[in-house]
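Please examine the sequence and the 3D structure shown below. The report that follows describes selected local features in turn.

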Amino acid sequence: MRAMVDLSILIVCYKAKDLIDDCLSGVYKYTSSECNYEVLLVDCSNDGTVDLVREKYPQVRIIENSENLGYGKGNNFLAEHAVGNYILLLNPDVIVSDDAIGELYRTAVAHPEAGAVGGVTRLRDGSYDPGCRQYVPTLFRLTAGALGGGRFLNGALPEGATEAGEVDTLTGAFMLVRRDAWNQLQGFDTSFFMYSEELDLCQRLKKQGWSVLMTPRAQIIHLVGGGQKQSPRRILLIAQSRMHFFRKYWNRPQVVLGGALVWLHAFIRVAGGTVASTLLRSSRGKDLTQAYGPIVFQPGSWWGGYQREH
């Protein structure tokens with residue numbers, strides 16, 4: 001039986017061999033000693049990540065697995081082996097460059113009413129990671145996003161905030177959850193394969209009376225999508241996760257309208273990308289067309305949400 005620690009850091013990897021070294025080196029270099037922690041890792045791709053971690057970071061607890069579990073199920077799997085009073089969900093494409101993990105932990109201890117605490121995640125250029133600004137979707141917000149107003153929608157703290165405050169939701173790339181709150185919810189809803197599962201978790205936390213906080217004192221760099229931000233596979237999974245969320249929380253007319261807005265969002269980008277790539281020879285336009293094309297031309301692949309194994 002392992003002794004309890006303050007914090008269990010859970011890392012679910014999928015083809016993360018080129019990312020995990022930078023992630024773990026930052027964790028071990030900068031996390032303050034006042035926070036007693038363990039790191040657990042599961043690899044879902046068999047790409048050599050496990051061999052690298054065993055060689056360079058023997059202190060990491062590698063939990064063996066032979067299938068692609070997906071993000072939510074993978075974290076639930078690791079949490080079963082964790083012994084921390086708090087659980088930190090950490091993506092392998094995160095770079096920690098200061099005591100951000102310690103800041104999350106201190107904020108959580110100072111706010112026992114918070115079921116989850118997150119920090120500010122930024123892109124490599126220093127701008128806000130869109131995942132850090134997630135909001136609870138509504139038909140109005142989906143319409144604004146489809147028409148190009150997504151950058152004006154923000155479910156996070158204001159840019160100049162200096163203290164922790166309540167937010168709509170948190171990014172699953174860097175989220176600390178109280179163990180008792182996690183156990184109360186039994187972790188993630190594993191019907192979500194990837195994306196929107198953190199939105200669902202935060203919604204369920206709030207329904208149980210917990211608050212969801214973000215602190216600007218904890219900031220990390222998030223290499224969104226591991227270099228595959230506009231991959232058709234990633235865009236398809238996001239669309240599926242949106243529809244899955246709609247079907248869980250909305251009535252049928254809202255689901256139909258929400259799905260139509262997901263399609264419209266993609267159609268506008270495909271149309272714009274086609275014009276840009278044809279008339280302006282823009283490579284970005286071509287990328288947009290390829291990324292969003294399956295959403296426009298194969299609606300049956302995402303309309304039903306997550307209905308089959310991945």
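## Local features of the predicted model

Asparagine 154 touches Arg133 and Tyr135, leaving aside residues up to four places away in sequence; contact means heavy atoms within 4.5 Å. The model is predicted, so local features need pLDDT of at least 70 and side-chain atom pairs count only at pLDDT 80 or more, while totals for chains, interfaces and linings use all residues. Residues are numbered from 1 along each chain as its sequence is written, and side-chain values use heavy atoms, with hydrogens and water left out.

Asparagine 154 is located in the loop between α5 (139-149) and β7 (165-166). Helices (H or I, at least four residues) and strands (E, at least two) are DSSP runs, numbered from the N terminus. The C-alpha atoms of asparagine 154 and lysine 206 are separated by 18 Å, and these residues are 52 residues apart along the chain.

Buried means under 20% relative accessible area, exposed over 50%, and partly exposed in between (1.4 Å probe, protein chains only).

| Residue | Relative accessibility | Class |
|---|---|---|
| Asparagine 154 | 33% | partly exposed |
| Lysine 15 | 58% | exposed |
| Tyrosine 195 | 23% | partly exposed |

Lysine 15, in the loop between β1 and α1, has a positive phi of about 50° although it is not a glycine. Tyrosine 195 is not a glycine either, yet has a positive phi of about 75°; its place is the loop between α6 (179-185) and α7.

Strand β1 (residues 5-13) has 9 of its 9 residues buried, so it is largely enclosed by the rest of the structure. Two strands pair if DSSP finds at least two bridges between them. β1 pairs with strand β4 (residues 84-90) in the parallel sense over 5 bridges, and serine 8 stands opposite isoleucine 87 in β4. β1 also pairs in the parallel sense with strand β2 (residues 37-43), over 7 bridges; here cysteine 13 stands opposite aspartate 43 in β2.

Two helices complete the account. Helix α7 (residues 197-207) and helix α8 (residues 232-249) pack at an angle of about 25°, and their axes are 11 Å apart. Axes are lines fitted to C-alpha atoms, for helices over the stretch in contact, and angles run from 0 to 180 degrees between N-to-C directions. The angle therefore makes α7 roughly parallel to α8, a term for angles under 35 degrees. In this contact, Leu199, Asp200, Gln203, Arg204 and Lys207 in α7 meet Phe245, Lys248 and Tyr249 in α8.

Definitions and conventions: Parallel < 35°, antiparallel > 145°, perpendicular 65-115°, else oblique.
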